[in-house]
Amino acid sequence: MAELPGQIRRMGGGISQLLEQIYGFSRRCLFRVISMGPTPCHIAFIMDGNRRYAKKRGLEDGSGHKAGFSALMSMLQYCYELGIKYVTIYAFSIDNFRRKPEEVESVMDLMLEKIKSLLEKESIVHQYGIRVYFIGNLALLNDQVRAAAEKVMKATAKNSRVVLLICIAYNSTDEIVQAVKKSCINKSDNIEASGNYKHEDRGSDIEGTDMENQEKKIQLVDIEENMQMSVAPNPDILIRSSGETRLSNFLLWQTGNTQLCSPAALWPEIGLRHLLWAILNFQRNHSYLEKRKKQL
Amino acid sequence: MLSLFSVVFTFLALFLIPGLFISRRLNVPLSLTNILRFIKIIASKYDDAEERNEKRGTMGEKQKRGRNIMPKHVAVILDGNRRWAEKRGLGTSEGHEAGARRLMENAKDCFAMGTNTISLFAFSTENWERPEDEVKCLMALFEKYLASDMPYLRSDKIKISVIGNRTKLPESLLGLIEEVEEATKSYEGKNLIIAIDYSGRYDILQACKSLANKVKDGLIQVEDINEKAMEKELLTKCSEFPNPDLLIRTSGEQRISNFFLWQSAYTELYFPTVLWPDFGEAEYLEALTWYQQRQRRFGRRV
């Protein structure tokens, strides 16, 4: 008689495992159907709404971000199962440093914990062979987080199946300014190296052949290759949770022709159906956008 | 049992399926508010002019309420002219003509409500790929409306700035643009920015080139290049408020299509499904109401 509760518990556990397997199987079938149409190559997420979620549920302040992290893990799993190669997430903006110091510190602690957990054997990184990049002004982070991030980047450098770009201490305007600075420095280095001192020619265009002119003037490719996000193609879809429709200084350069989606769900509430809806919308507009990209 | 089943089935057939179909066509999620809105729109189509004016009379109250949170800079992507013309069986040029007429009316309303700067995405760098007669028609439209609206611009003291790459524009249009800019350059308080042959990336690139030239000439150091320096070099420097607070793209497409990239870092993006020639005062008020309900945090806690 005393074994009965134990048996029921085991049965309950077995049933939930079975249900999970059925759910996973039907999900993979659904993904097979979706991939009959064009699938995006790169999806970007703005993970907005963690604090509102915690308030809604009456939880303490930090737990919204924790719930957000588990939502992130499931979204990553869906994306990689669907065959999307690049996923970018907006983890922490340079503007967010202006929040209350306790909140910034708790978010940093959470991030340190989660970054370290990426290196563990059971983590999603090893499951899917993810290469991780940390994009942003890493000098603004504290030493521990920066060291952990660099360690993860180094450890996953050999993976090539799928890529995860985590934007931390990132602002798109900051990224563009850094790229502009680098282009200026590179160009002036090139000019000095080729021995052409034309600094005295103020106001007039640089004399010389057309080829020389082209090399000395900054081109679009110079800025693009100096952008930190140049390791990935432009995003096809950008999903911002919690219903706000703004970019908040995220991937401004790269999202010129990106499909923008704003489901009203808060980030910890985001689910498979939001992702599927975004992809269906993307498929609807795909042929038109492909034509546009060819024109560019 | 059978009667219950038949009731449920009738309900489904009469309401749910057409509802799903209509919401799919209009790109609007199926919900009670949207159903009510749809019914209201259909009903208002049968209003005559008097009733419509009565309904719009409430604008006065909204104006007073919202004066404090009006956007200083509104940017608009004028999308949907060709689709509007197709729906009515007209040619593309009629669609653009209707769009241009709508443009001036909306600009007048906008300035009347206290906006300082309005930016319009009239012609993008990618639009050169369109058929030649369409491009010619668009250039002719720009010339026509710039010329005919000069007296109004002077009387209302609106400063016009045309931003974009001017190298490919026809001579006559260039001459007219310079004339209009010269005539209105001293006005303050109302700015109309028209983006012709503009692309967000081109804007950032030309700012970068100008900064690089300054570094080369020794006017500034590389370390001085920061966000403020970039803002001063971008083409939107002609306005006091270079960054739009609200960006409206009509016709339901949800992308920025290489319009203001740098400048729309914190812009609220609004995507109504109405096509541009149908975007009038009522739709603009809806956009403003939506904007006033936004909680803008700029990354901080409110």
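What distance separates the centres of domain 1 and domain 2 of chain B, taken over C-alpha atoms? In this predicted model, the two centres lie 32 Å apart. Domain 1 of chain B covers residues 11–54. Domain 2 of chain B covers residues 73–293.

Chain B has 302 residues, and 47% of them are buried. Its secondary structure consists of twelve helices and six strands. Contacts in chain B were also sorted by sequence separation. Of those with a separation of 6 or more, 74% join residues 24 or more positions apart. The chain exposes about 15900 Å². Carbon and sulfur atoms contribute 56% of that area.

One residue of chain B was examined individually. B:Ser6 sits in helix H1 of chain B, which runs over residues 2–25. Is B:Ser6 buried, partly exposed or exposed? B:Ser6 counts as partly exposed because its relative accessibility is 36%, a value between the 20% and 50% cut-offs. A polar atom of the B:Ser6 side chain lies 2.7 Å from the backbone oxygen of B:Ser3. B:Leu146 is 140 residues away from B:Ser6 in sequence. In space, the C-alpha atoms of B:Ser6 and B:Leu146 are 63 Å apart.

In chain A, the strands come next. Strand S2 of chain A spans residues 86–93 and is mostly covered. Seven of its eight residues are buried. S2(A) pairs with two strands, S1(A) and S4(A). Strand S1 of chain A, residues 42–46, runs parallel to S2(A) and is joined to it by five bridges. Within this pairing, A:His42 stands opposite A:Tyr86 of S2(A). Strand S4 of chain A, residues 162–170, also pairs with S2(A) in the parallel sense, here over seven bridges. A:Thr88 stands opposite A:Leu165 of S4(A). In a regular strand, side chains alternate between the two faces of the sheet.

Helix H4 of chain A extends over residues 101–118, 18 residues in total. How far does H4(A) reach from its first C-alpha to its last? The helix reaches 26 Å, close to the 26 Å expected at 1.5 Å a residue. The buried residues of H4(A) include A:Val104, A:Val107, A:Leu110, A:Leu112, A:Ile115 and A:Leu118. A:Met108 and A:Met111 are buried as well. A:Glu103 is also among the buried residues of this helix.

Definitions and conventions: Residues are numbered from 1 along each chain as its sequence is written. Chains are lettered from A and ligands numbered from 1 in the order in which they are written. This is a predicted model: local features need pLDDT of at least 70, side-chain atom pairs count only at pLDDT 80 or more; totals for chains, interfaces and linings use all residues. Side-chain values use heavy atoms; hydrogens and water are left out. Helices (H or I, at least four residues) and strands (E, at least two) are DSSP runs, numbered from the N terminus. Buried means under 20% relative accessible area, exposed over 50%, partly exposed in between (1.4 Å probe, protein chains only). A polar contact is a pair of N or O atoms within 3.5 Å; within protein, one must be able to donate a hydrogen and the other to accept it, and residues adjacent in sequence count only if both atoms are side-chain atoms. The expected span of a helix is 1.5 Å times one less than its number of residues. Two strands pair if DSSP finds at least two bridges between them. Contact means heavy atoms within 4.5 Å. Accessible areas come from the Shrake-Rupley method with a 1.4 Å probe; for residues, only the protein chains shown count as cover. Domain bounds come from an automatic or database domain assignment.
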